[in-house]
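Subject: Structure for you to look at

Hello,

Here is the structure I promised you. Please open it beside this email and follow along.

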Amino acid sequence: MEILINEMTLSHLLQIKDILSTEFDNFWTYTIFENELKNPNSKYFVALLNNEIVGFAGIWKAVDDIHITNIVTKITKRHMGIASKLLENLINIAKNEKLNLTLEVKQSNINAIKLYEKYNFKKVGLRKNYYGQNENAIIMTLIFN
């Protein structure tokens, strides 16, 4: 099983348009993604398995760091190493740019927190009610220096 990581194009986005809310996590709409692909400070990537889009991830490049906006694996393809492959790609980008990586993760998302900790992300803060009432975000950072 070889998972390929490619930069997301509008063609990729069109392929998953109708399944974004049902086969991936329902938090970003097609329109938001379309705007993100046009944003010069953002980059998105797709994970492909046998030419099927099985995951995606995005970053925003800021002046002094790179912010991970999302890492999402298709619901039926989880626990296959897809998120790890996407994260490794983002880590390589940050290393090459010599910029730290930062993200927010739901405090209740234990699997994601374990994934980030596996790659040496450190908990550096908390955003109260970031994801709505009683849904805090843990701020995590991977520092390259």
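**What turned up**

Phe-33, Tyr-44 and Phe-56 form one aromatic cluster. Keep in mind that this is a predicted model.

**The aromatic rings**

The structure holds 4 aromatic pairs. One of them joins Phe-33 and Tyr-44. Their ring centres are 5.5 Å apart, with 80° between the planes, and the pair is edge-to-face. Find Phe-33 in helix 3 (residues 30-38) and Tyr-44 in strand 2. The two are 11 residues apart, and the pair links distant parts of the chain. Are Phe-33 and Tyr-44 buried or exposed? Both are buried.

Now turn to Phe-33 and Phe-56. Their planes stand at 90° and their centres are 5.0 Å apart, so this pair is edge-to-face. Phe-33 belongs to helix 3 and Phe-56 to strand 3 (residues 52-61), so the pair ties together parts that are 23 residues apart in sequence. Phe-56 is buried, and so is Phe-33.

**A serine in strand 2**

Ser-42 is part of strand 2 (residues 42-49). Why does Ser-42 count as buried? Its relative accessible area is 8%, and buried means under 20%. Its side chain reaches the backbone oxygen of Glu-36 at 2.5 Å. Which residues touch Ser-42, leaving aside its neighbours within four places in sequence? They are Glu-36, Ile-59 and Trp-60.

**Charges over rings**

Look at Lys-17 next. Its charged end sits over the ring of Tyr-30, 4.6 Å from the centre. Then find Lys-106. This lysine lies over the face of Tyr-131, at 5.5 Å from the ring centre.

**Strand 7**

How many of the 6 residues of strand 7 (residues 137-142) are buried? The count is 6 of 6. Both faces of the strand are covered. One side carries Ala-137, Ile-139 and Thr-141. The other carries Ile-138, Met-140 and Leu-142.

Strand 7 also has partners. Strand 5 (residues 100-106) pairs with strand 7 in the antiparallel sense, over 6 bridges. Strand 6 (residues 122-127) pairs with strand 7 in the antiparallel sense too, over 5 bridges. Val-105 stands opposite Ile-138. Leu-126 has Ile-138 as its bridge partner in strand 7.

Best wishes

Terms used:
Residues numbered from 1 in each chain as written. Predicted model: local features only at pLDDT ≥ 70, side-chain atom pairs only at ≥ 80, totals over all residues. Heavy atoms only, no water. Helix = DSSP H or I, 4+ residues; strand = E, 2+ residues; numbered from the N terminus. Buried < 20%, exposed > 50% of the residue type's maximum accessible area, 1.4 Å probe, protein only. Polar contact = N/O pair within 3.5 Å; in protein donor to acceptor, adjacent residues only side chain to side chain. Contact = heavy atoms within 4.5 Å. Phe/Tyr/Trp six-rings, centres within 6.5 Å; stacked < 30°, edge-to-face > 60°. Lys NZ or Arg CZ within 6 Å of the ring centre and 35° of its normal. Pairing = 2+ DSSP bridges.
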